[in-house]
Structure formats: C-alpha cells, structure tokens
Amino acid sequence: DGGIFAFGDSPFLGSMGGTPLTLPVVGMARTPSGQGYWLVATDGGIFTFGDANFYGSTGGKRLNRPIVGMAATPSGHGYWLVASDGGIFTFGTAKFYGSLGGRRLRAPITAMARTPQGAGYWMVGLDGGVFAFGNAQFYGSLSVPRNALAVDIAPRPTGDGYWVVTDVAP
C-alpha cells in the first residue's frame with residue numbers, strides 16, 4: 001500500500017499508506033542525501049518524498065508489462081524503472097544502457113540495481129538469471145531450485161559483485 005516504516009537514523013518523510021492507490025507500490029529508491037525517497041507503482045507512477053524530485057513516470061501510459069523495480073542515479077537527478085519483461089525506462093539524468101524488452105525470457109525480471117558509478121545496471125529474473133548492461137560486470141547467475149524464486153539483487157558498494165536474494169515459491 002506504499003506505507004513506509006523508518007528504523008534507526010532513517011527519517012520518515014511521508015508515505016502513501018492510507019491513501020487509496022490504483023495499483024500497488026513495488027519499488028523504492030533513496031536520494032543520495034538520505035533525506036528523500038521515491039516510490040514506484042506497477043504502472044510506473046512515481047511518488048516523491050523529502051528531497052526527491054519528480055523527473056517523470058510511465059503512469060497513465062500503456063505498458064507491455066508491469067514495472068517491478070527502480071534505481072536512482074548516484075546524483076539523485078534521475079532514475080530508472082524496470083518492467084517484468086526487462087524493459088527499461090529512463091528519467092532525468094538516467095542514461096539508457098540497454099534492455100531486455102522484446103526478447104523472450106525464461107522468467108520475468110523481478111528487480112534491478114545500478115552500478116556505483118551509475119553507468120550501468122543489473123537485472124535479475126525470477127529464475128535467478130542476471131543480466132548486465134553498461135559498465136555492470138556479469139559475475140554469474142543463480143540456478144534457483146524449483147521451490148525458490150529470485151526476488152532482488154544488491155551490488156557490493158565497489159560494484160565488483162552482487163548478492164541475489166531468493167524467496168520460497170508459494
């Protein structure tokens with residue numbers, strides 16, 4: 001529902017919790033200062049809080065597949081949205097480095113992460129397949145067991161590797 005829960009030193013800067021939404025929120029990215037964040041819904045609608053600026057969205061546009069995640073540029077002056085078919089949408093200073101849109105995938109894309117320099121990004125599919133674009137290096141994919149699903153990817157701060165997290169299939 002777009003509710004935000006802040007822990008530790010992370011400030012609560014607002015949320016969509018309690019606001020009727022047309023579609024669910026599926027992703028979040030923080031600003032470089034940590035004093036703002038963006039939320040994205042499956043239609044690509046963007047909600048901004050704190051010092052996060054709005055640079056555009058796919059909200060209200062017809063998409064081939066739903067948006068499943070986002071990543072912010074290192075400067076915070078742009079962001080990428082990724083759809084479940086691997087399509088990439090760029091806003092602000094985010095640059096396009098390639099996509100999987102139009103390609104046949106074995107499993108839908110579930111998440112994305114940018115490189116530390118912001119000159120590339122990784123996508124991960126539900127089956128653990130990892131795809132690298134721009135200056136993102138490919139370090140391997142995960143062969144998930146039948147009872148698991150790859151749901152997110154997180155790069156090392158140096159960009160010389162990444163973690164893929166899985167969930168148990170329903």
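Biologist: Is Val124 buried or exposed?

Modeller: A residue is called buried when its relative accessible area is under 20%. In this predicted model, Val124 has a relative accessibility of 0%, so Val124 counts as buried. Val124 belongs to strand E8.

Biologist: Which strand pairs with E8, and in which sense?

Modeller: Strand E8, residues 120–125, pairs with strand E9, residues 130–134, in the antiparallel sense over five bridges. Within this pair, Met123 stands opposite Phe131 of E9.

Biologist: How many residues lie between E8 and E9 in their hairpin?

Modeller: There are four residues between E8 and E9, and Gly128 in the turn has a positive phi of about 90°.

Biologist: What can be said of the hairpin formed by E10 and E11?

Modeller: Strand E10 covers residues 148–155 and strand E11 covers residues 162–168; the two run antiparallel and are joined by seven bridges. Asp152 stands opposite Val165 in E11. Six residues lie between the strands of this hairpin, where Gly159 takes a positive phi near 80°.

Biologist: Is Trp163 buried or exposed?

Modeller: The term exposed applies to a relative accessible area over 50%. Trp163 has a value of 52%, so Trp163 is exposed. Trp163 is located in strand E11.

Biologist: Which residues does Trp163 touch, beyond those up to four places away in sequence?

Modeller: Trp163 touches Asp152, Ile153, Ala154, Pro155 and Arg156. For Asp152, the separation along the chain is 11 residues, while the C-alpha atoms of Trp163 and Asp152 are separated by 8.3 Å.

Biologist: Where is Thr42 found?

Modeller: Thr42 is found in the loop between strand E2, residues 36–41, and strand E3, residues 46–50. Its relative accessible area is 17%, so Thr42 is buried. Residues up to four places away aside, Thr42 touches Leu23, Pro24 and Val26, as well as Leu63, Pro66 and Ile67.

Biologist: Is Phe49 buried or exposed?

Modeller: Phe49 is buried, with a relative accessible area of 11%. Phe49 is part of strand E3. Apart from neighbours within four places in sequence, Phe49 is in contact with Leu13, Gly14, Ser15 and Met16, and also with Gln35, Gly36, Tyr37 and Leu39. Phe49 and Phe12 are 37 residues apart along the chain, and their C-alpha atoms are separated by 9.2 Å.

Biologist: How many helices and strands does the whole chain have?

Modeller: The protein chain has zero helices and 11 strands. The radius of gyration is 15 Å, close to the 15 Å that the globule rule gives for 170 residues, so the protein chain is as compact as a globular protein of that length. The C-alpha atoms fill a box of roughly 40 × 35 × 35 Å along the principal axes.

Biologist: What share of the residues is buried?

Modeller: Buried residues make up 42% of the 170 residues. The chain exposes about 9,000 Å², of which carbon and sulfur atoms supply 53%. Among contacts with a separation of 6 or more, 31% come from residues 24 or more positions apart.

Biologist: How many positive and negative side chains are there?

Modeller: The protein chain has 11 positive and 9 negative side chains, and the centres of the two sets lie 12 Å apart.

Notes. Residues are numbered from 1 along each chain as its sequence is written. This is a predicted model: local features need pLDDT of at least 70, side-chain atom pairs count only at pLDDT 80 or more; totals for chains, interfaces and linings use all residues. Side-chain values use heavy atoms; hydrogens and water are left out. The radius of gyration is taken over C-alpha atoms; the globule rule is 2.2 Å times the number of residues to the power 0.38. Buried means under 20% relative accessible area, exposed over 50%, partly exposed in between (1.4 Å probe, protein chains only). Contact means heavy atoms within 4.5 Å. Accessible areas come from the Shrake-Rupley method with a 1.4 Å probe; for residues, only the protein chains shown count as cover. Lys and Arg count as positive and Asp and Glu as negative; His and the chain ends are not counted. The place of a charge is taken as NZ of Lys, CZ of Arg, CG of Asp or CD of Glu. Two strands pair if DSSP finds at least two bridges between them.
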